[in-house]
Amino acid sequence: ALWLKHLGREQEAIIMCDDVIERCLPEIDERNMLGRILLLIPSIAVLLAYGQLERTVELFTQFVMEPVKRFGQNWSSPAKPVIRPMSLLLKICSQSEVLITELDDDIEWLLNDQEKMPDLVDTIYTSKAQWSPYDLYSEICLRIAKKLEKDDPRRALLMTEGLRLSHLADSKLKNESGDVVHPIAFSIHNAVMSELEELV
């Protein structure tokens, strides 16, 4: 689906997403959350690009958030580091007037020094799902920063953190010679990184 989107073939890309959602996703056991998310992320990227936000939120809720609630606190999976940022991105996208006070805890979480995305996990997603989780975090930092007042010190901190994460993604998407090796993931990445570089 992402390749079809990359080629500008919108209708075919959406048909491919429909097939994945209707035929493939229900076949993956909810305990295999990594498999579910790797299959779902390309569809999320395509549907978001074509303005199907409400459907995207419904799919993520049905196939990810609701099962995760049943798992309790102690479950472990390479899927786990992606769930909170993806949920946050969809929240920000779906609520244009979301109050900054509602995001205070998320901002604090984004700016703490704890590792949120193990490098190996990013490598898995970048190669399999063609979307770097580093870029997912980076886009969240950018979107929240743009909602903050210019004199809010967190604005600059979020943009700096977003750019740091974007540089980590950049190093995965290019080889040592600087050539792009994941063109689909790079097309998503480059837009966010370019905007951050202009703002920082």
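In this predicted model, helix H9 meets helix H10 through Met159, Gly162, Leu163, Ser166, His167, Ala169, Asp170 and Leu173 on the H9 side, and through Ala185, Phe186, His189, Met193, Leu196, Glu197 and Leu199 on the H10 side. Sorted by class, the residues of this contact are nine nonpolar, four polar and two charged.

**Geometry of H9 and H10**
- H9, which covers residues 153-173, packs with H10 at an angle of about 145 degrees, and the axes of the two helices are 9 Å apart.
- The two helices cross in a left-handed sense.

**H3 against H5**
- The axes of H3 and H5 come within 12 Å of each other and cross at roughly 25 degrees, and since angles under 35 degrees count as roughly parallel, H3 and H5 are therefore described as roughly parallel to each other.
- H3 passes H5 in a left-handed crossing.
- On the H3 side the contact is made by Met33, Ile37, Ile41, Ile44 and Leu48, which meet Val82, Ile83, Met86 and Leu90 of H5.
- The contact of H3 with H5 contains nine nonpolar residues, with no polar and no charged ones.

**H3 against H7**
- H3 also packs with H7 (residues 119-129), here at an angle of about 50 degrees and with the axes 9 Å apart, and the two helices are therefore oblique to each other.
- The crossing of H3 with H7 is right-handed.
- Leu34, Ile37, Leu38, Ile41 and Pro42 of H3 make this contact together with Ile124, Tyr125, Lys128 and Ala129 of H7.
- By class, the contact of H3 with H7 is made up of eight nonpolar residues, no polar residue and one charged residue.
- Ile37 and Ile41 of H3 take part in the contact with H5 and are also listed in the contact with H7.

**The largest pocket**
- The largest pocket has a volume of about 430 Å³, and 17 residues line it, with Val68, Trp75, Lys80, Ile83 and Arg84 lying nearest its centre.
- Helix H4 (53-71) and helix H5 (80-94) each supply at least two residues of this lining, and H5 gives the most, with five residues.
- The lining of the largest pocket consists of seven nonpolar, five polar and five charged residues.
- Ile83, one of the residues nearest the centre of this pocket, is also among the H5 residues that meet H3.

**The second largest pocket**
- The second largest pocket holds about 370 Å³ of space, and its lining comprises 16 residues, of which Trp131, Glu139, Arg143, Ile188 and Val192 lie nearest the centre.
- Two or more residues of this lining come from each of helix H3 (33-49), H5, helix H8 (133-147) and helix H10 (183-199), and H10 provides the largest share, five residues.
- Ten nonpolar residues, one polar residue and five charged residues make up the lining of the second largest pocket.

Conventions: Residues are numbered from 1 along each chain as its sequence is written. This is a predicted model: local features need pLDDT of at least 70, side-chain atom pairs count only at pLDDT 80 or more; totals for chains, interfaces and linings use all residues. Side-chain values use heavy atoms; hydrogens and water are left out. On a 1 Å grid over the protein atoms alone, a cavity is a set of points where a 1.4 Å probe fits but cannot get out, and a pocket is an open set with protein on both sides within 12 Å along at least five of seven lines; lining residues have an atom within 4 Å of a point. Grid points are joined across faces, edges and corners, and a volume is the space filled by probe spheres set on the points. Helices (H or I, at least four residues) and strands (E, at least two) are DSSP runs, numbered from the N terminus. Ala, Val, Leu, Ile, Met, Phe, Trp, Tyr, Cys and Pro count as nonpolar, Asp, Glu, Lys and Arg as charged, and the others, Gly among them, as polar. Axes are lines fitted to C-alpha atoms, for helices over the stretch in contact, and angles run from 0 to 180 degrees between N-to-C directions. Angles under 35 degrees count as roughly parallel, over 145 as roughly antiparallel, 65 to 115 as roughly perpendicular and the rest as oblique. A crossing is left-handed if the near helix is turned anticlockwise from the far one by less than a right angle, and right-handed if clockwise. Contact means heavy atoms within 4.5 Å.
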